[in-house]
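Please find below a short note on the structure you asked about. It is meant for a reader who has not examined the structure before.

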Amino acid sequence: MGRRSRRRAQGAGAPASTTDYRDPEGNVLTLRDELSAGTRRQLEQLDSKPAASAEDRWQRRAELLFERLAVRWEISGLPLDRQKELLGRYRMASADERRWVRETLDEHLRSRPQ
């Protein structure tokens, strides 16, 4: 067993603090309160790629932020908390759901000093 596996098995410290956001239908999205330094670097690299169109960068940025910040999403009483489930549900979300998630992510990031 490698060092990383042992650390995961032991639980690497206290769980990250989170914030819940409720949409008009009563669904709850739980977001991690902090972005890691590595994620911030990835966002900077994403924004600096000249070959990608602005639309591609915008979509990938939203997906990356969702992937890194979303901890839990309860939709119609069904809780999703595994990373694959969360990302899959985000990818098949309606346009209105995606817009709400993007606006929520933006509000969440604006309200926290990074």
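The numbered points below cover the sheet, the helices packed on it and the aromatic residues.

1. Basis of the note. This is a predicted model, in which local features need pLDDT of at least 70 and side-chain atom pairs count only at pLDDT 80 or more, while totals for chains, interfaces and linings use all residues. Residues are numbered from 1 along each chain as its sequence is written, and side-chain values use heavy atoms, with hydrogens and water left out.

2. Four strands, in the order 1-2-3-4, make up an open sheet with antiparallel pairing (strands are DSSP runs of E with at least two residues, helices runs of H or I with at least four, both numbered from the N terminus; two strands pair if DSSP finds at least two bridges between them). Strand 1 (18–22) and strand 4 (78–80) are at the edges with a single partner strand each, so one side of each has no neighbour in the sheet. Strand 1 and strand 2 (residues 28–32) are joined in the antiparallel sense over five bridges, and R22 stands opposite V28 in strand 2.

3. Helices on the sheet. Helix 3 (residues 54–69) lies across strand 2 and strand 3 (70–75), at about 90 degrees to strand 3. Helix 5 (residues 95–110) lies across strand 1, strand 2 and strand 3, at about 40 degrees to strand 2. Contact here means heavy atoms within 4.5 Å; axes are lines fitted to C-alpha atoms, for helices over the stretch in contact, and angles run from 0 to 180 degrees between N-to-C directions.

4. Buried residues of helix 3. These are A62, E63, L64, L65, F66 and L69 (buried means under 20% relative accessible area, exposed over 50%, partly exposed in between, with a 1.4 Å probe and protein chains only). F66 has a relative accessible area of 1%.

5. Aromatic pairs. The whole structure holds two aromatic pairs (rings of Phe, Tyr and Trp, the last by its six-membered ring, with centres within 6.5 Å; stacked under 30 degrees between planes, edge-to-face over 60, the rest tilted). F66 and W73 are edge-to-face, at 5.7 Å centre to centre and 65 degrees between the planes; both are buried. F66 and Y90 are stacked, at 4.6 Å and 20 degrees. Since F66 belongs to helix 3 and Y90 to helix 4 (residues 83–91), this pair ties together parts that are 24 residues apart in sequence.

6. Charges over rings. R89 lies over the face of W73, 5.5 Å from the ring centre, and R98 over the face of Y90, at 4.6 Å (NZ of Lys or CZ of Arg within 6 Å of the ring centre and within 35 degrees of the ring normal).

Note on methods: The expected span of a helix is 1.5 Å times one less than its number of residues.
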